[in-house]
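Please read this briefing alongside the sequence and the coordinates shown below.

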Amino acid sequence: MQDLLDKIYRDNDQLAFRQLFLQYSDRLIVFAASLLPSREEAEEAVSDVFVKIWQNRAGLATVRNLNTYLYTAVRNTACNYRIRAGRMPEMLTGEHIQVTVNAMAASPEDMLISKENLRKIESAINLLPARCKLIFRLVKEDGLKYREVAEILEVSINTVNTQMAIALKKLGEVIDIRQHFGWME
């Protein structure tokens with residue numbers, strides 16, 4: 001990833017910038033959609049972030065953690081959208097977020113997961129409290145570290161730990177893991 005950033009800020013490489021956009025835009029739009037009332041606004045917010053990144057690409061040289069940088073930029077842009085629209089800036093509820101569980105790479109264990117089980121898991125995740133679901137999605141779907149999520153959402157790492165424990169406990173209650181993996185007694 002650092003090589004990509006180097007190409008963007010040192011060489012003004014538009015192809016590298018496009019690659020960065022393609023790699024992050026979908027998940028950033030999902031994140032923004034959890035903070036804004038419409039998907040259109042979320043797409044616009046993410047586009048604005050990438051336009052600003054290109055305009056200020058020399059600043060990429062100082063970015064230490066790209067995930068945190070991008071998610072924080074989207075969070076701040078979404079907050080500005082809410083303020084301009086006369087809405088309250090307290091926005092990190094994740095109330096609009098929907099999680100889609102995709103089938104993972106086809107390992108033998110993954111093959112055991114049927115569409116029905118995937119639907120149950122997805123449904124259980126979507127029943128989580130909004131903030132818990134947002135944190136779960138950022139960790140499990142977007143692959144962010146607990147520390148990154150804490151920094152992006154401006155909460156303590158203990159809050160992320162607690163919300164993940166709540167999410168996993170609730171998912172465990174809904175999903176019978178033994179049945180899910182065919183471990184019937």
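In which sense, left-handed or right-handed, does α2 pass α3? In this predicted model, the crossing of α2 past α3 is right-handed. Helix α2 covers residues 14–33 and helix α3 covers residues 39–55, and the two pack at an angle of about 145° with their axes 9 Å apart.

**The α2 and α3 contact**
- On the α2 side, the contact is made by Gln14, Phe17, Leu20, Phe21, Tyr24, Ser25, Leu28, Ile29, Ala32 and Ala33, while α3 contributes Arg39, Ala42, Glu43, Val46, Phe50, Ile53 and Trp54.
- Sorted by class, the residues in the contact of α2 with α3 comprise 13 nonpolar, two polar and two charged ones.
- An α-helix has 3.6 residues a turn, so residues three or four places apart point the same way.

**Overall fold**
- The chain holds ten helices and zero strands, and its elements, read from the N terminus on, run α-α-α-α-α-α-α-α-α-α.
- Of the 185 residues in the chain, 41% count as buried.
- Among contacts in the chain with a separation of 6 or more, 65% are accounted for by residues 24 or more positions apart.

**The largest nonpolar core**
- The largest nonpolar core has 49 residues, of which Leu20, Leu28, Phe31, Phe50, Leu138, Val149 and Leu153 touch the most other members.
- Two or more residues are given to this core by each of α1 (2–11), α2, α3, α4, α6 (115–126), α7, α8 (146–153) and α9 (157–174).
- The element that gives the most to this core is α2, with nine residues.

**Thr68 in helix α4**
- Thr68 lies in helix α4, which spans residues 66–84.
- Thr68 counts as buried because its relative accessible area is 5%, where the cut-off for buried is under 20%.
- Leaving aside residues up to four places away in sequence, Thr68 touches Glu148, Glu151 and Ile152.

Notes. Residues are numbered from 1 along each chain as its sequence is written. This is a predicted model: local features need pLDDT of at least 70, side-chain atom pairs count only at pLDDT 80 or more; totals for chains, interfaces and linings use all residues. Side-chain values use heavy atoms; hydrogens and water are left out. Axes are lines fitted to C-alpha atoms, for helices over the stretch in contact, and angles run from 0 to 180 degrees between N-to-C directions. Helices (H or I, at least four residues) and strands (E, at least two) are DSSP runs, numbered from the N terminus. A crossing is left-handed if the near helix is turned anticlockwise from the far one by less than a right angle, and right-handed if clockwise. Contact means heavy atoms within 4.5 Å. Ala, Val, Leu, Ile, Met, Phe, Trp, Tyr, Cys and Pro count as nonpolar, Asp, Glu, Lys and Arg as charged, and the others, Gly among them, as polar. Buried means under 20% relative accessible area, exposed over 50%, partly exposed in between (1.4 Å probe, protein chains only). A nonpolar core is a set of buried Ala, Val, Leu, Ile, Met, Phe, Trp, Tyr and Cys residues joined through side-chain atoms within 4.5 Å.
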